[in-house]
Amino acid sequence: MKISTLLYNTLYAVTFCLGAINITHAKPLQDYVPVLDQVKNNAFQIDQKKGYLVKKVKPHVYVITDGIWQSAFITTGKGVILLDAPQSFGQHITQAVAETTDEPIKMLVYTHSHVDHIGGSQHLKNIPGLKIIAHQAVADFLKEKNDPRRLLPTQTYSGDHVINMGSETIHLDHHGNYHSTESDTFVYLPQRRFLMVIDSLAPGYVPFRDFDLTHNFHEYLKMFDAILDYDFDVFVGGHLTQIGTAKDVRTTQAYVQDVYQTVKRMHSQANQFEIMSAAAKKIGWDNKFALFNVFLEHIVEESAREIEARWIDKLAGVDVWAKSHARTALIYVRWDD
Ligand SMILES: [Zn+2]
């Protein structure tokens, strides 16, 4: 026992040290621009000791956040409806609701299948009679995964779905899978002008890596018009330090369109043979992957340089993710567009 503990500790120490030595950065950390003042000023102030904040955003509608993930809940007069249960603060959700209302939690709605947004459901399994609602495609995937962190839905639907409970009406709408492979849900409360579209965009910031990890950039591009067709004045995107409005959606749409159009122009103008020939002079023509990568990365680098110059003072994180966004757009432009 002692020997194995010693061995574990030694291995841990060695791994930790090697890990510390081997960490690599895309660029020196100090070279990133500071987060924009406007973003810092709009940030939710989270009590780190408590670990979460409940913010009333509309009558009956509350956002819960730990400063990185966001979910919401709705009081209806007949019970509480939870919208997602993020893994990062799942253990606080029942407490957060109890601090806000005497109504019992009756229902949990899943927006999509990803564990970071619904893996906190494991902490809700003892709520008596809890209904868990999800799109059939999400339910099928979760059944396959058999993941104890993500409770299985008790009720499924196909197409769109409307929930009526007490005073509230909640629309679960679908506009193509802009993010996950199974199904992505728009949650809309028309009488509250509240719209939640998880993992779409983060007000104040550029989208996360690969345009919010989209599996389908074609659908992602169309998502913005789908959002802007709704009548809303509170928008929840599921991540980071603030919520937003339609203006934030329009700003991010302009950024995404700029990346797409810039990459498209760079790709059409670049002389693939010339760029690959220059590289082949150094390494010959045998390594076709390496030569093709030189061409693709040339477009990524040139596009990101332009994008950063135009957006660095408008949205936070441009210098972190512009190359990633250019790579996602390039795959679309070259193979699907
Ligand atoms: Zn997701």
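A residue is called buried at under 20% relative accessible area, exposed at over 50% and partly exposed in between, with a 1.4 Å probe and protein chains only. Gln91 is partly exposed, its relative accessible area being 43%. The residue sits in the loop that joins β4 (80-83) to α3 (93-98), where helices (H or I, at least four residues) and strands (E, at least two) are DSSP runs numbered from the N terminus. From Gln91 to Leu124 the C-alpha distance is 8.4 Å, at a sequence separation of 33 residues.

The model is predicted, and local features need pLDDT of at least 70, side-chain atom pairs count only at pLDDT 80 or more, and totals for chains, interfaces and linings use all residues. Residues are numbered from 1 along each chain as its sequence is written, and side-chain values use heavy atoms, with hydrogens and water left out.

The chain contains eleven helices and twelve strands. Of its 337 residues, 48% are buried. Its C-alpha atoms fill a box of roughly 75 × 65 × 40 Å along the principal axes. Contact means heavy atoms within 4.5 Å; among contacts with a separation of 6 or more, 63% are between residues 24 or more positions apart.

Domain bounds come from an automatic or database domain assignment, which divides the chain into domain 1 (38-244) and domain 2 (258-335). The C-alpha centres of the two domains are 35 Å apart. Domain 1 contributes 14 residues to the contact, and domain 2 contributes 14 residues.

A nonpolar core is a set of buried Ala, Val, Leu, Ile, Met, Phe, Trp, Tyr and Cys residues joined through side-chain atoms within 4.5 Å. The largest such core has 46 residues, and those with the most contacts inside it are Phe186, Leu195, Phe217, Ile227, Phe232 and Tyr255. At least two residues of this core come from each of β10 (186-189), β11 (194-197), α7 (217-228), α8, α9, α10 and α11. Because domain 1 and domain 2 both give residues to this core, the core lies between them. Apart from this core lies another, of 25 residues, including Ile46, Val61, Val63 and Leu189.

Among the buried residues of α11 are Val318, His325, Leu330 and Tyr332; the packing partners of its buried residues are α6 (209-213), α7, α8 and α10.

The zinc ion has as protein donors His112 (NE2), His114 (ND1), His179 (NE2) and Asp199 (OD), at 2.1 to 2.2 Å. Donors are N, O and S atoms within 2.8 Å of the metal (3.2 Å for Na, K and Ca); water is not among the atoms, so sites may look incomplete. Along the chain the donor spacing is H-x1-H-x64-H-x19-D. His112 counts as buried because its relative accessibility is 1%. The angles among the four donor atoms are 87 to 170°, and the site is irregular. Four donors count as tetrahedral if all angles lie between 85 and 135 degrees; four count as square planar and six as octahedral if opposite donors are over 155 degrees apart and all others between 65 and 115; anything else is irregular.
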